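Look at the model first, then read the points below.

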Amino acid sequence: MGTVQTEVAIIGAGPAGLLLAHLLAQDGVDSVVVERRSRAYVESRVRAGILESSVVELLDNNGLGARVAEEGQAHRGIYLQWPGQRHHLDFVELVGRGVHLYGQSELQLDLGRARDAGGQVSFYGVSGTTLHDVDTDRPSVTFTDADGALVRLEARAVAGCDGKHGPSRQAIPEASRSVFERLYPFAWLGILATVPPSTDELIYAWHPDGFALHSMRSDSVSRLYLQVPVATDIAAWSDERIWDALSTRLGAGQTGWELKRGPIFDKAVLPFQSFVMTPMRHGRLFIAGDAAHTVPPTGAKGLNLAAADVALLAPALISLIREGDARLADAYSETALRRVWRSTYFSWWMTTTLHTTDDPFTSELQRTVLEMTVASRAHSTALAESYAGLPIGV
Ligand code: APR
Ligand code: PHB
């Protein structure tokens, strides 16, 4: 078995793992990234598209802001609508900051390139990732690399950034971890289409047939979603059926507004779940991103939370490894979980407010919440504050 030494072993090359690797490298801390999938696979995954302003600042402050600034779009807010009503919520006016539209798959490319430029080691296409001795100060990770060789990666700390199906979570003894979970009785059917967006900012639409969302990737690519039942067979949704449903839900009572249609080049059903695992640390194992928590996509918080986790974790690991100072590492889980629970609450709130059920009582409450949200500055400010996101570290 070949042995490789590093300071931080990072499991997973998603946004959490690669951003952590980059933040550590900025301070001269060495890491090795271990990823189950090929790099091409990781870089072609379709993901959400909204960055909080504090995440844009974090990228900017760490030399990753150029393409976000050039190719992303600053959005002041969102539209909230229901049949016959469409209201713009201006986050900049309400809370002094907006959001940035930038495909997370683009960020994945930026992070991969930054890693290449730093010349640090990454293993893609590995199998059998196993964590060892995480409750000692010499933890290690073993795996089989893409050429079939067994590798032992020895580190001072392990970062579990391996998403919701990875092995890191399981490396925390069952008796020491707790899981909080909420399943929802629906899913999203998401499409990417070659057509200019029919809106300047995102539209979140409540409709008796189900929720719809109009997002975008660029001036020529639109991203749209439909609420569908959990066990939806994508084959039952022809392109025409999708466009018709989107037009009905997004166009309801919007005089003079029409949804532009174009060729659909990606179509998928996305699962919905709220999930939080606590604590996010066990000994020298630190969990970040989807490995510790999953939010439903309604508030676009998944990547933003992952970025906020690693923004806390990087300085904690640097102090621990460089100075032997464990204070930030000891505080990591509790500090990160405060934001995790706030985003979990917000994503749950957006989801349960906007997705229709067949319960008429729930529908009336939803319409009331939407009306209150646009009519009351206190309510719209609360939405804006959570959607635009808190500063990192709060
Ligand atoms: N060994 C190595 N790598 C693994 C293993 C394993 N056994 N299991 C999973 N991984 C990898 C996955 O293949 C994936 O590339 O870990 C990575 C985890 O990445 P993400 O799932 O993207 O999770 P994260 O980096 O936390 O991203 C957070 O970004 O785009 C959003 O929807 C995404 O909300 C999520 C957020
Ligand atoms: C997206 O652009 O993919 C997107 C935007 C906002 C969301 C979810 C997804 O709430």
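**Domain 1 against domain 2**

Domain 1 and domain 2 bury about 1,900 Å² between them, and carbon and sulfur atoms give 62% of that area. The model is predicted.

**Layout**
- Domain 1 is assigned residues 2-73, 101-180 and 274-352.
- Domain 2 is assigned residues 183-272 and 356-388.
- The contact draws on 24 residues from domain 1 and 25 residues from domain 2.

**Polar and charged links**
- The interface of domain 1 and domain 2 holds 1 salt bridge by the rule applied.
- R342 and E385 form a salt bridge through their side chains, at 3.7 Å from N to O.

**The face of domain 1**
- Two elements, β4 (50-52) and α9 (327-354), each give two or more residues to the side of domain 1 that touches domain 2.
- Helix α9 supplies the largest share of that side, with 7 residues.
- By residue class, the side of domain 1 that touches domain 2 has 10 nonpolar, 9 polar and 5 charged residues.

Definitions and conventions: Residues numbered from 1 in each chain as written. Chains lettered and ligands numbered in written order. Predicted model: local features only at pLDDT ≥ 70, side-chain atom pairs only at ≥ 80, totals over all residues. Heavy atoms only, no water. Domains from an automatic or database assignment. Contact = heavy atoms within 4.5 Å. Buried area = accessible area lost by both parts, 1.4 Å probe. Salt bridge = Lys/Arg side-chain N within 4 Å of Asp/Glu carboxyl O. Helix = DSSP H or I, 4+ residues; strand = E, 2+ residues; numbered from the N terminus. Nonpolar A, V, L, I, M, F, W, Y, C, P; charged D, E, K, R; others polar.
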